[in-house]
Amino acid sequence: MNITRTPAKKKAKDIAKYFRKEHPNYDYIRSVFAHLRKELEIEVTKKSKKLPDIPTEAEIEKYYETVWKSKNFQDLIIIKLFLYTGIRVSELINIKISDIDFKKCQIRINQGKGNKDRIVPFPVLFKEVLAMHISSANNRNTLYLFESSWGKPYTDRGIRKILEKHAVQAGLSRNISPHRLRHFFLTWLKQKGIDDAFIQPYSGHDTRQSLEVYSKLTIKEAQEKYNDVIGEFPV
C-alpha cells in the first residue's frame, strides 16, 4: 500500500502554528509528542545494538608480547592501564599524578563521560610498575600521568597512534584501539562471572538497573570481587 506523506519539514511548520503562541519549551514539546504517539498507536522502534568488536585472547597476548619486546616502558604502562581498568582514552589523557591513590589502589577519573567523576580501582600487581613510571615522571616535574617528550599531555590521537603502531608490529589483521581494549576487559570480567553492579565502576555506565544495585554496594566490595579474578588475566 502506497502512502503519500507530507514532507517532515513542511508538517513541522504546520504544527508549529499551533504551538508558537504558547511559547513551549523542550520538555513540553517532548511530552506532547509522547502523547501524540500514543494517540496514533505508534510503537517506539529500537535499533538493534551492534555487538562490540572484541579482540581475541590470542590477539591480546600477541599484542602485549610485542609491546613488551619494544622495551618502551611508558607505552607498556598505557596499555596495561587500558587493560586493567577499562578506562576511555579521553579519561586516560586527563589523569594527573595526583589522581593516583596507591594506598587504596585507585584512580580518580575527573570529568569522565557525561562530565561525571568516578573512582576506578586497579590491581595490586600493577602498583609497583605504575609507581616506577610515576617516579620517573616526577623527576621531570610532570603534572599529568602521561606526557610527551615535549612536556605536554598526550592527545587522543597521540594515544591511538601508539596503540596502532604496536598492532602493526604485532602483525595483527585488525587494529587495536582504546575502545577495543576496553571491551576486552569488560567482557573478560563478565566471563569470569562478575555481576554488572561490580563492573559498574570500571565501565562508568549509568544504567538504571546497575545503579539500583550499585547504590547498595561500595567501591571496596567491587574492588574485592575484581581482585579475586584479576590474577587470571591473560597478560
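This is a predicted model: local features need pLDDT of at least 70, side-chain atom pairs count only at pLDDT 80 or more; totals for chains, interfaces and linings use all residues.

Reply: A salt bridge is a side-chain nitrogen of Lys or Arg within 4 Å of a carboxyl oxygen of Asp or Glu. Side chains of opposite charge can pair when their charged atoms come close. D156 and R160 are separated by about one helical turn, because they stand four residues apart in helix α7 (residues 156–170). Since buried means under 20% relative accessible area and exposed over 50%, D156 counts as partly exposed at 29%, and R160 counts as partly exposed at 36%.

In helix α3 (residues 57–70), E65 and K69 lie four residues apart, about one turn of the helix. Their side chains form a salt bridge at 3.1 Å, N to O. E65 is partly exposed, at 41% relative accessibility, whereas K69 is exposed, with a relative accessible area of 59%.

Helix α1 (residues 8–19) contains both D14 and K10, again four residues apart, about one turn of the helix. The salt bridge between the side chains of D14 and K10 spans 3.6 Å, N to O. D14 is partly exposed, with a relative accessible area of 25%, and K10 is likewise partly exposed, at 46%.

Beyond these pairs, a network of salt bridges links D53, E59, R174 and R180.

Definitions and conventions
Residues are numbered from 1 along each chain as its sequence is written. Side-chain values use heavy atoms; hydrogens and water are left out. Helices (H or I, at least four residues) and strands (E, at least two) are DSSP runs, numbered from the N terminus. Buried means under 20% relative accessible area, exposed over 50%, partly exposed in between (1.4 Å probe, protein chains only).
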